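Visitor: I would like to learn how to read a few features of a structure, with the general idea before the particular case. Could we go through them together?

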Amino acid sequence: MMSFLDRLFEKQARSVAQTSSRRGMLKKLGGALVGATAVPLLPVARADNHGGPQKPVEQGSDTDCDYWRYCAIDGFLCSCCGGSANTCPPGTEMSPVTWIGTCHNPADGRNYVISYNDCCGKSTCGACLCQRDEGDRPPYRPDKTNDINWCLGTASAAYHCSTAVVVGVAFEE
Amino acid sequence: MLSRCLWLGMAFFGLMLAPATQSADVNDARARYHYQMFCQGCHTPDGSGANAVPALKNQMGLFLRTEKGRGFLVRVPGSATSKLNSAQLAEVLNWSLDNFAGSSLPEGGYEPYTEAEVAQLRQQPLQEIENYRATVLAEIVATMQ
């Protein structure tokens, strides 16, 4: 009985060894791994792109006043104060009440709706003062002016720095 | 017989849905953009408001219960004196009602604002809003009791 099993396995092993190579095994395994990652991506990626939020192509540094999202900003850049263009530094609270405008993104040629939420609750940051004011209106147009303190929806009205959050794509008539 | 029942059923559901689909001429992308540009800064992305900024969410539909209240939504400074033309203002008001008013809408839906109605109402922008708002709301509460 044992010799029968021995012969059987020896025959099988030799036949595998004669008809396949170790590299062939690697090739097939590699192909399967790459193929398995590519196949589900194809339809899923297409479905994901359809109608979802359109993200801007990013170019430039958010610590530079020249950065595209800052086209209408007037204040200290949170990205120089321990936060980022989207987030407040630790210890401050983002005001939900804010002023909103559009900026042109040269990297993808589109206009985006930008919300300049102020970070509040600490004294002024003092770093990276940036004043570009495109589309800024006098205070008699209160929703489109950057000259007022926008720390209006927070517990404290102390202004620390400003963010520039992309909230949408401008509608082109 | 079965198909007749189905048709009757569909007609019945169609009638139930009718009030909610009255403002079908709202361009969602355009209305959303105008909301973002001219309302969202204070009323916040989901209409919740903050501190002294009144909530639209589950509230603004209350104003449709009286004529004064219906006029109020157009005559508040943020609406009446905005840069939007009257067609755009009517659209963004209808869009906000559809998206934020929720449970505050009158049962059976509402009559959407039209360009002509908005154009006329915004000729009288409100000035002392807080007192006027309290009066309008008191009258609305009285109709609900």
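Guide: We begin with a sheet in chain A, where three strands are arranged in the order 2-5-7 as an open sheet with antiparallel pairing. Please keep in mind that this is a predicted model.

Visitor: Which strands of chain A stand at the edges, each with a single partner strand?

Guide: Those are strand 2 (93-94) and strand 7 (159-162) of chain A, and because each has a single partner strand, one side of each is left without a neighbour in the sheet. For the pairing itself, strand 5 (residues 118-120) of chain A runs antiparallel to strand 7 of chain A, and the two are joined over three bridges. In one of these pairs of residues, D118(A) has S162(A), in strand 7 of chain A, as its bridge partner.

Visitor: Where is P89(A) found, and what does P89(A) touch beyond residues up to four places away in sequence?

Guide: P89(A) lies in the loop between strand 1 (74-76) and strand 2 of chain A. Leaving out those sequence neighbours, its contacts are C78(A), C81(A), G82(A), G83(A), C119(A), H160(A) and C161(A). As for C119(A), its C-alpha atom is 7.6 Å from that of P89(A), although the two residues are 30 apart along the chain.

Visitor: Is P89(A) exposed or partly exposed, and why?

Guide: P89(A) counts as partly exposed because it has 19 C-beta neighbours inside 10 Å, whereas a buried residue requires 20 or more.

Visitor: How is the size of an interface often given?

Guide: It is often expressed as the accessible area that is lost when the parts come together.

Visitor: How many of the residues of helix 2 of chain B are buried, and what covers them?

Guide: Eight of its 11 residues are buried, which leaves the helix mostly covered; among them are Y33(B), Y35(B) and F38(B). The cover includes strand 3 (100-105), strand 4 (110-115) and strand 8 (165-169) of chain A, together with helix 3 and helix 6 (86-101) of chain B. For chain B as a whole, with its eight helices and zero strands, buried residues make up 29% of the 145 residues.

Terms used
Residues numbered from 1 in each chain as written. Chains lettered and ligands numbered in written order. Predicted model: local features only at pLDDT ≥ 70, side-chain atom pairs only at ≥ 80, totals over all residues. Buried ≥ 20, exposed ≤ 12 C-beta atoms within 10 Å, placed from the backbone. Helix = DSSP H or I, 4+ residues; strand = E, 2+ residues; numbered from the N terminus. Contact = placed C-beta atoms within 7 Å. Pairing = 2+ DSSP bridges.
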